[in-house]
Amino acid sequence: MKVIYKITYPNGKIYVGKDLTGTLNYFGSANSVLIEKDFSTEQMRDFTVRKQILWESDTASDSEVNLKEVELIRALQSNDPQVGYNQWPRFKTVGSEDNSLITSNNRE
């Protein structure tokens, strides 16, 4: 079973990933150093994460799973550093003409 999952950390930030084998104890390849920066040593001593299966398939190709993963990363904005820990696809912050910030999850 191929799955797309969401990991929710104690601070509410999320990570969306894929598992092409459906392994129960696979929790992705999020950047540990990036995550650890958000927690104190004391917080890391009692640390609970939640894994939710967002999508699953017995028949999808690896390419279809990859596309679905990117779709869900963008939909949930887990690549926005304020929301989650996905570092790809890159979340863009662009200055607009009036110098206010616009965030974008476009495919550019």
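**Pockets and a nonpolar surface patch**

The second largest pocket of this predicted model has a volume of about 160 Å³, taken as the space filled by probe spheres set on grid points joined across faces, edges and corners. Here a pocket is an open set of points on a 1 Å grid over the protein atoms alone, where a 1.4 Å probe fits, with protein on both sides within 12 Å along at least five of seven lines; lining residues have an atom within 4 Å of a point. Lys13, Leu34, Asn79, Pro81, Gly84, Tyr85, Asn86, Gln87, Arg90 and Phe91 line this pocket. By class, its lining holds 4 nonpolar, 4 polar and 2 charged residues, with Gly counted as polar and Tyr as nonpolar.

Residues are numbered from 1 along each chain. Local features need pLDDT of at least 70 and side-chain atom pairs 80 or more, whereas totals for chains, interfaces and linings use all residues; side-chain values use heavy atoms, without hydrogens and water.

Turning to the largest pocket, its volume is about 190 Å³. Among its 13 lining residues, Tyr9, Ala30, Ser32, Ile35 and Phe47 are the closest to the centre. Helix H1 (residues 32-36) gives the largest share of this lining, 3 residues; helices are DSSP runs (H or I) of at least four residues. The lining comprises 9 nonpolar, 3 polar and 1 charged residues.

Phe47 also belongs to a nonpolar surface patch with Phe27, Met44 and Val49, which together have about 300 Å² of accessible area (Shrake-Rupley method, 1.4 Å probe). Such patches join nonpolar side chains within 5 Å, from residues with over 30% relative accessible area and no salt bridge (a Lys or Arg side-chain nitrogen within 4 Å of an Asp or Glu carboxyl oxygen). Phe27 counts as partly exposed because its relative accessibility is 35%, between the limits of 20% for buried and 50% for exposed.

Notes
Helices (H or I, at least four residues) and strands (E, at least two) are DSSP runs, numbered from the N terminus. Patches are made of residues with over 30% relative accessible area and no salt bridge: like charges are joined within 9 Å, nonpolar side chains (Val, Leu, Ile, Met, Phe, Trp, Tyr) within 5 Å. Buried means under 20% relative accessible area, exposed over 50%, partly exposed in between (1.4 Å probe, protein chains only).
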